[in-house]
Structure formats: C-alpha cells, structure tokens
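Hi,

Here's the structure I said I'd pass on.

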Amino acid sequence: MADNIPPITAAAATTTAIPTGDGTVWADATPLLNAACNELCEGELINGENFSLFAAMSALEIMDPKMDSGIVNGRYHSVDEAIESGAAPVPISLDKTTDVLHMIDIMDHLLACEATWHKGHSLAQTVYSCIYLLRLDRTSSHAMLHSYCRTIRAICNVVISVVTEARTHEEEDLLIMAPGLPLSGEKDERFLSNLNSVEETLCRQLRACKVPAARKMAVEVQEPLQTTPDLEEGFCRALLCRLQFRKHFYHLLTCMRRPQGRGFELARKHISSCLLELENVQKSSHFLKSVGFLMGKDAIQSETTASGRQPIGFDTNLNLRTSAPAPPRAMKTLSWELSLEYFKKLLQDLDIICSFSLDPSLENVLHFIVEFQKRQPDLVARAFLQVVLIQDGKLYGRDPIFHTICKASALPTGLKDHNIQKNDAVVQLGQFLINLLRILCTNVAWQRRKLGRVLQDWRVIYVQLELAFKEEFGELSSVSDENSSIKLARHILIWVEEQTYWIALRFLLLGFDLDLYSSNEYCMVYWYIYVILVKLAEKIHVKQLAVADSGKKKGKKKRDTVIDTAKDYQIPPAVMLLQCYVCLAEGLSMMIAALRNELKVFQHASPFNTEYERFTQHFEHLQKACLPDHITYLSFKECTSRAQLSTLVMYNHFKDAQRIVKELRKSFSNDPKKMAELRCIEQVAERNSVALNVINCVGARDTSLKISLDFSYHPNLAAVVVKRS
C-alpha cells in the first residue's frame, strides 16, 4: 500500500475507484492484518526495519498512566492558594479525636505515595503532593506532624542519593529530578530527637491507658491524645507503630549506606523491627475503619488509608510548575494494602542483601545476583545492591578489582601484587567487570539489552590482552611454566573467555524470563544454548586443570606429575553439572528438530519473517561477537535437518543427564540449593525421556497426539508433554 494514502478496507477496495500512478502496486492488506491479529498476543509488537524497539517504547500508549500523560487540571494553581483555601489546616482539626484520625490518614497516604513513587511516578505528584511537606514551617506547632514530615523528607533524600549513585533511575521511571521541591534541609539527624520525643510521649500515654482506674490517682497525670477514653489505647497503638516504622526504616537505609558493609548487622535488626511494625500497622486497620465509619459516614472513601477515609492536605496536581515540562500524569496512587505488601517485599529483599557474605568469590557474587534477580526486586532494592557491591571502584569497597580477577582466575595469592595490573588492557578489563556487575543489578529487560552490547567488548578485550601479554612476555606457550608472569597471563586469558561465555549464556536465558521465544523458535534457542554451554564447560575445565596442575607441581618431580594427574584426576562437580545442562539442551534441540522433521510439530510459518531472520534477530549480538567461532544459521540447519526420533531413542541425551545427576548427588549432598537444582533437572530429563519413547512408538501412526512444552519443572528447560487431543 502506498505510504501517502490512508489504509482502506477490502470492501471499499472493490467498490471505490483508486487512483494509481506509474509504478504503484496495490495489494489487499486484510489477510496480513488478520494473520498479525491471530499470531500476536497482547503486549507483543511487530519488529520492523523502520520501527525499532526504542521507537515502540517511546510511542504513546493510550490509557497507560506512565505513557499517556493526559491533561488533568488541579483544584489549586499554587501551594499558597491551597493553604488559603483551607486544604491543609494546622491544627488539622479543632476536635482532638478527629485530629488524631486525620493524622493517621496522612501517615497512611504518605506510605502509599512513597510506594507509588518507587514504582515509577514522579516525586512531585506522589510524596510531595502533601501540602504539609511543601510548607514544613507551618507544622512546627504540631510536634507529631512536624517530626513525621521531616523524617519523610530525610528518607526521600537517602533513596534519591542511592538511586543516583547507582545510576539506575534511567532504566525505569523513578524520577530523581525534583526542581523546586524542598528536599534539602535534613542533612543532620536532629529531626530524630523530635521523633523520639513524640514516641516517648505516646509510650507514656499507652502505659497510662493500661493502668487500672484505682491506681490512676498515683500515676503522673498524662494528657490524653483525644477526648474519647475508650479509643485512647487504639489510637496510641496505631500512631506508635507508624512512627516506629518510619524511625527504623530511616535507620535501616543509613546503616546500609555505611562503607564496606559495616552496618549490615545493625541493618538486619532494623529490618526485623520494620516488619514487626508493619504487622502492627496492618492489625490497626479494623479499629481505624470502625472509628472512621462512626465519625464520618459521609466522608469521601479512599483506598490509600487504613480507615478508608480521604486524607487531608494532598493534591496530586499541585506541583504543575515544578514538574517536568509536560502535562501532569493522570496517575493512580497504590492502595494502602498494596503499599504494605510493597514495603514488606522491599524489606525482605534488603535483608537478603545484608545477609550475603562480605568476602565471597566473584563466582559466588554472580550466582547471588542471578538468584536475587529471580525474586524480581524493585528498583530501590537493586540500587542498594549495586551500591553495596561497588564502592570506590572496589568489590564491597575493600577488594581491588584486580585482586578479584586474580581470585576468580584461581591464581595464587602472591601474584595479586604483580606489575601486570598496571597494563592498560588489564585496567580496562577491571572496568568491564565493574560494568558487568552494574548491568546484572538492573531490571531484566535492561540487563539483557546491555549484556548483548558488552559481548563484543569482552571479545575485543581478550584480543587486546593477548597482544599485550605477547608484547611483554613473548609467546605464552614457549616459555617455562615456572614463570609467574606467564602463569598469570594464561590464567587471566582463560578466565576472560570463561566469563564471556557466561555472559552469552545469561543473555540467552534471560530471553525465557522476558518471553521472547515462541514455540517455533525453541529448537534454535536450545541449539544455541547447547553450543554455548559446551564452550563454557570447556573453559571452566581448562581452568580447573590449570589449577590442579600448578598445585601438583609443588614438591613433585616433573615425570611424577603426569602419572599422578592421569591416575588421580576427576572431573570437577561444576563441570559435571554443566555437562548435565549440555545433555538437556542438546536433547531438547534435537528432539524438537525431529518432531518438526517427522511430525511437523512446532513448525509455524510466519508471514512476517523467515526462520533465518528470526535466527538473526535472536542471536545477532552473539554472531557479531563470534560466539562461538564459525557458528552460523547454516550450522544450525545442518545439525537439525537430519534429526530423527529413532536415532534419538538409541542415543538418549536425557538418560545421560539422569546418570550425571546420580553421580553429582554425593558432591552436593551438603548444599540444599544444588540438591533442589538437581531434582528439577532430573524431573525434566525423566519426563522428556518417557515422552521421547512414547512419541517414537505411536507418534507416526497416531495423528491425534497433541504435543506441547511445559516449563513448570524448570523455568528454562522444557518438559515435552504428550496427550491425546
């Protein structure tokens, strides 16, 4: 269809005369559009040459609060106008009971606003939609409101500081720029003394509520919070748990900011206190709802407070002139219940960060980050993780990156201070490792995109390191193994290759988390995972051999070393585990290929692109980095075009995986996580082995068989399911 003429329906095409020019070719687009509607699921996009993913993300998405800003006019044009209109009175109410209830509503709504801000909305329209925060000096006569608002400001400052340092705010919409908002002014902790004073007053009042009437004469007279004695204890508890949560939450954030993880132990204590106070906050909802109903049957209902009442002193569109130069977003604040759940999960994620060992190997760090990402942590938790990991260009602010590389390369401790660390290529390698750790702390979509881009950098740095080492030491293979410099160079080169293939594997596996692969693409995906796993296992094996070899040479004659190595050497468990995954990936790719070749299953033709184009789209970054060398689409077709079910049954890759799992159980008997991983692998292997036999026996004769893939046993490894339709 011509670009300068609007689309028309098929019916209109048959009844309307369409002017045509020289060289214009018209075609009915209806079948193509119908095919797109049938093939694309909700949220999927067609990837065209002139419409990239960046353009798609930048496009207007109607009714999405983050994409479609809309035009929403606020009730007030300025903060002063809102105050003059009585939107944020001080005192909040002349009636003490109403004042206390409104104070709790303000606290609850601020909690919801803070969670909404963390989820990606602007600070101006969430936390700083509170008029009391914008004019803090007006609240000085209200001790509780004043101290609470100052604590909120301090918490916002810490979060902004961490997210800014981690430089992760761009990956999502956590807006840290807040021009015109009064964020500064809480650099010291004098506001905590005011908060503690209010807390002590509440504690005394709560104790006074529990004193029997006969003993009240002997107790110091304590002015009640409000005028209804039966409600006093409930209000005291509701206020106290909210204030204590804020105090412990602020201390938690500041403890995690201490260098080299020195505040982790204390931070975990504050996390326990925060979780306890959140439980008390949740328990107070029944009391507050009953009181709110009795005190205001005609009040505007709200989901952002425990009482269900609309809070006083808020306007989401008040800061129009201080927001970004765009119309204000028509946003919806998270409900009070969802906000509580958000903060509970945030605290649990921070607790996991604080519980991790401060002196780990790089391999353990990478494994920890990958496992932590499976929890789908939000941006604030991931920002804290990144800031904790990388401090002053060092791991945990203590271990220089070169020392970390030496440890990961399995080098002796004495080589860490070698002059080779001053080499430009080695320095650049350290920067690449820091960048990799930062990337792994980002969200899954951003992470995969960045990992694809850095693959070429890691391949290039390997070549640069190899040239630099040859220039300095000569041919690495022609020098005696006793030379420590040569030993260091070899170990680093082996590690760089290993790390490059680890990044490539992570890049491929993230595609499962993002649902990037369709059923007709799993064959090529598992095949590529297989070839990457083979190379990764090879590099790890070479490193382990080098370590074993250098260890045996100490105190032994050279002729004895070869005999001992051949006699005593065993394949390390880490390599055997990778071999297990190699068997599963190869088995799945060949099994799906055989099903496509013989039963025409998982072979859906697409009107938008060919299999070669899909191969290029998924593995473009790997192909550009030549990972592995000489692997192309033709290699994939050559390996899979001859796959047959009968051949696979004779050489069953899944049975090989089961055999390796049995051998590994002894090695990982003291590691619950590894044992759980082995159980998942064994389940996938067992089910695929059975499915392969069933399909081979009856598949060709029984056309009613329905074959599908099940990912319930393992997130990345499919179990083939065979049923009768």
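This is a predicted model: local features need pLDDT of at least 70, side-chain atom pairs count only at pLDDT 80 or more; totals for chains, interfaces and linings use all residues.

Residues are numbered from 1 along each chain as its sequence is written, and side-chain values use heavy atoms, with hydrogens and water left out.

**Two helices side by side**

The axes of α5 and helix α7 (residues 143–166) come within 11 Å and cross at roughly 10°. Axes here are lines fitted to C-alpha atoms, for helices over the stretch in contact, with angles running from 0 to 180 degrees between N-to-C directions. On the α5 side, the contact (heavy atoms within 4.5 Å) includes Met103, Ile106 and Trp117, and on the α7 side it includes Leu145, Tyr148 and Ile152. By class, this contact has 13 nonpolar residues, one polar and one charged. For the classes, Ala, Val, Leu, Ile, Met, Phe, Trp, Tyr, Cys and Pro count as nonpolar, Asp, Glu, Lys and Arg as charged, and the others, Gly among them, as polar. The helix and strand labels are DSSP runs numbered from the N terminus: helices are H or I with at least four residues, strands are E with at least two.

**Holes inside**

Rolling a probe the size of a water molecule over the atoms shows where empty space is left. A cavity is a set of points, on a 1 Å grid over the protein atoms alone, where a 1.4 Å probe fits but cannot get out; its lining residues have an atom within 4 Å of a point. Grid points are joined across faces, edges and corners, and a volume is the space filled by probe spheres set on the points. Searching the whole structure turns up two cavities of 30 Å³ or more.

- The largest cavity has a volume of about 60 Å³. Its lining includes Met107, Tyr148 and Arg242, and α5 gives the most, with three residues. Six of the lining residues are nonpolar, none polar and two charged.
- The second largest cavity has a volume of about 40 Å³. Among its lining residues are Phe432, Asn435 and Trp458. The largest share, four residues, comes from α16.

Within it, leucine 395 stands opposite aspartate 399 in β3.

Most residues other than glycine have a negative phi, and most peptide bonds are trans. Here are some exceptions to look up:

- Valine 90 and proline 91 are joined by a cis peptide bond, with omega about 0°. Proline 91 sits in the loop between α4 (79–84) and α5.
- Leucine 627 to proline 628 is also a cis peptide bond, with omega near -20°.
- Glutamine 260 isn't a glycine, yet has a positive phi of about 60°. Look for glutamine 260 in the loop between α9 and α10.

Cheers

Terms used: Two strands pair if DSSP finds at least two bridges between them. On a 1 Å grid over the protein atoms alone, a cavity is a set of points where a 1.4 Å probe fits but cannot get out, and a pocket is an open set with protein on both sides within 12 Å along at least five of seven lines; lining residues have an atom within 4 Å of a point.
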